[in-house]
Amino acid sequence: MYKHVLHDHLDGGLRPSTAKELAESINYKPLLDIDNVESFFDRSSSDSLEEYLEAFTHTIALMQNYSSIERIAFEAAEDMHLNGINFYESRYAPFYSVNNEMTPLDVIDAVNSGFKIAENTYGIRSGLILCGMRHDTKDVLNVANLCLEAKDKIIGFDIAGPELNYPPSLFRESFKKVKELGVNITIHAGEGDGVNSIIDALDNGAMRIGHGVRIIEDINNNKPGETAKKIKGVTKQAAIAKATGKAKKGKAKKAKKGKKAKNQRIPKSGWLTGCACLPAFLAALPALPCPVPPASQSASEPTHHPASQ
């Protein structure tokens, strides 16, 4: 059975040992003065989303050159493989790594290079979702425009960062542009902001909701409210589409006799992703496109990063 990770932030999963090593290589003092880097990045007791997100300031500081980004991407995919994952969807805000030596496309290429090394080593397939940072309107617009240039190198578009006071509707034109390009849309909503942000995300083209844990506020005595009903209705339609698609695919297989189907997708996954709890009635929606890989191989963690050899 294939296993999938649909919601992960590349800059939120650095190995502590790698963070320390990269900090030493560029003399990044905020981490050099820390004895226990792992504890420093443990924000499980944070009182707010904003406090939790502060840790990303330090990881992003370590992602300012091609080799570091490539290594971090490889190690992220490698860690997924070592945890039994076959398909990995990761997201990152590319303009956080743009500088005098790195263009937005360089950032994307570095991530994909790390993913490719992991694929060649372990068979795990990984894809990149570009993130616009919602507290920076210009950044969201730039990332949406970048989707046109990098359409064949990415699997989706997202907005992340503080949700409160930055609803999806603020970026309606960017979502419209991305949707017209045929790029998949997933939106963070329903965590830092309430249930209203979830419906706003759906209205702006979200195929999946990131986190969305506050949907529980729209469920009383196991009875869904209006927003939860809408999600239930959308997922029911998805289930029907899934069944219809399977029927059509079956007919196509008979007609083509063994030819490989094009545009394969990861098997269906949750409507709300990256969250701790899911209401039982939430059905499944398609994952973002990613070809099916060969069966993963068993391998031990390499001593050295392959890209550096």
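A charge sits over a ring if NZ of Lys or CZ of Arg is within 6 Å of the ring centre and within 35 degrees of the ring normal. Arg43 meets that description: it lies over the face of Phe40, at 5.2 Å from the ring centre. Keep in mind throughout that this is a predicted model.

Stay with the aromatic rings. Searching the whole structure turns up five aromatic pairs. One of them joins Phe40 and Phe41. Their ring centres are 5.2 Å apart and the planes meet at 70 degrees, so this pair is edge-to-face. Phe41 has 22% relative accessibility, so it counts as partly exposed.

Another pair is Phe157 with Phe175. Here the centres lie 5.7 Å apart, again with planes at 70 degrees, so the pair is edge-to-face. Phe157 belongs to strand 4 (residues 156-160), while Phe175 belongs to helix 9 (residues 172-181). The pair therefore ties together parts that are 18 residues apart in sequence. Both Phe157 and Phe175 are buried.

Strands of a sheet pair through backbone hydrogen bonds, either parallel or antiparallel. Strand 1 and strand 2 (residues 87-92) run parallel and are joined by two bridges. His4 has Phe87 as its bridge partner in strand 2.

Now look at the cysteines. Cys131 has a relative accessibility of 2%, so it counts as buried. Cys147 is also buried, with a relative accessible area of 0%. A search of the whole structure finds zero disulfides.

Finish at Asn112, in helix 7 (residues 104-122). Its relative accessible area is 22%, so Asn112 is partly exposed. Leaving aside residues up to four places away in sequence, Asn112 touches Leu128 and Lys153. Asn112 and Ser126 are 14 residues apart in sequence, and their C-alpha atoms are 8.2 Å apart in space.

Methods. Residues are numbered from 1 along each chain as its sequence is written. This is a predicted model: local features need pLDDT of at least 70, side-chain atom pairs count only at pLDDT 80 or more; totals for chains, interfaces and linings use all residues. Side-chain values use heavy atoms; hydrogens and water are left out. Rings of Phe, Tyr and Trp (its six-membered ring) pair if their centres lie within 6.5 Å; planes under 30 degrees apart count as stacked, over 60 as edge-to-face and the rest as tilted. Buried means under 20% relative accessible area, exposed over 50%, partly exposed in between (1.4 Å probe, protein chains only). Helices (H or I, at least four residues) and strands (E, at least two) are DSSP runs, numbered from the N terminus. Two strands pair if DSSP finds at least two bridges between them. A disulfide is a pair of cysteine sulfur atoms within 2.5 Å. Contact means heavy atoms within 4.5 Å.
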